[in-house]
Amino acid sequence: MPIYIALLRGVNVGGNMLKMDRLRELCTKLGAKNVKTYVQSGNVVFEAPGTASHWESALERKLAGESRLPVSVMVRSAVEMARVLESNPFLKEKGIDTARLAVVFLREAPSKPALAALGAMKIGTERFHHAGKEIYLHCPDGFANAKLYSLDKVLSQKTTTRNWNTVRKLCEMSAQ
């Protein structure tokens, strides 16, 4: 049975609360097995039949009304997440501080106009690399004031961002 990683957008921030035990319960009710969550920001690893897009919509429907605001969900298979981990172009550079790396996960690859708008942003020392439905970030000055950390408006779609440590941990959890 495939292993999936669901990344929930905007939970447990700004008063949009969702307990992780409730998230595990909802996933189990949908038919997921071996459900595990990681930290309180809406990361869940599970085994289940079906496709990633099926699980995105099923989880969004099930989560409706569970929190103050609607929750968007991006789902990747364990294989896709391993590819994300292996393909970070910034890791090839000498002296990169992995605490300054993150990945923006998208539901679909951005349009050419959206990528052009992203390229036109004034981002100082921040850098990005687009690869399909992910955008790798390097924010050497940290994420607190990073312009690239939230890209919904620029890309004209919902996104969710995870720091590099979380991406690594989710890969480890999905490999077990």
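Which elements are included in what covers the buried residues of α1?

## Helix α1 and its cover

The cover includes β1 (3–9), β2 (33–38), β3 (43–47) and α2 (52–63), with contact taken as heavy atoms within 4.5 Å. This is a predicted model, in which local features need pLDDT of at least 70, side-chain atom pairs count only at pLDDT 80 or more, and totals for chains, interfaces and linings use all residues. Residues are numbered from 1 along each chain as its sequence is written, and side-chain values use heavy atoms, with hydrogens and water left out.

Helix α1 spans residues 20–29, and M20, L23, L26 and C27 are buried in this helix (under 20% relative accessible area, 1.4 Å probe, protein chains only). Seen down the axis of α1, these buried residues fall within an arc of 115 degrees, so they line one face of the helix. The arc is that of the directions from the helix axis to the C-beta atoms. Helices (H or I, at least four residues) and strands (E, at least two) are DSSP runs, numbered from the N terminus. After α1 comes G31, with a positive phi near 105 degrees.

## Cysteines

The count of disulfides is zero, a disulfide being a pair of cysteine sulfur atoms within 2.5 Å. For C27, the nearest cysteine sulfur is that of C171, 18 Å away. C139 is in no disulfide either, and the nearest cysteine sulfur, again that of C171, is 20 Å away. C139 counts as buried because its relative accessibility is 0%. C27 also has 0% relative accessibility and therefore counts as buried.

Conventions:
Buried < 20%, exposed > 50% of the residue type's maximum accessible area, 1.4 Å probe, protein only.
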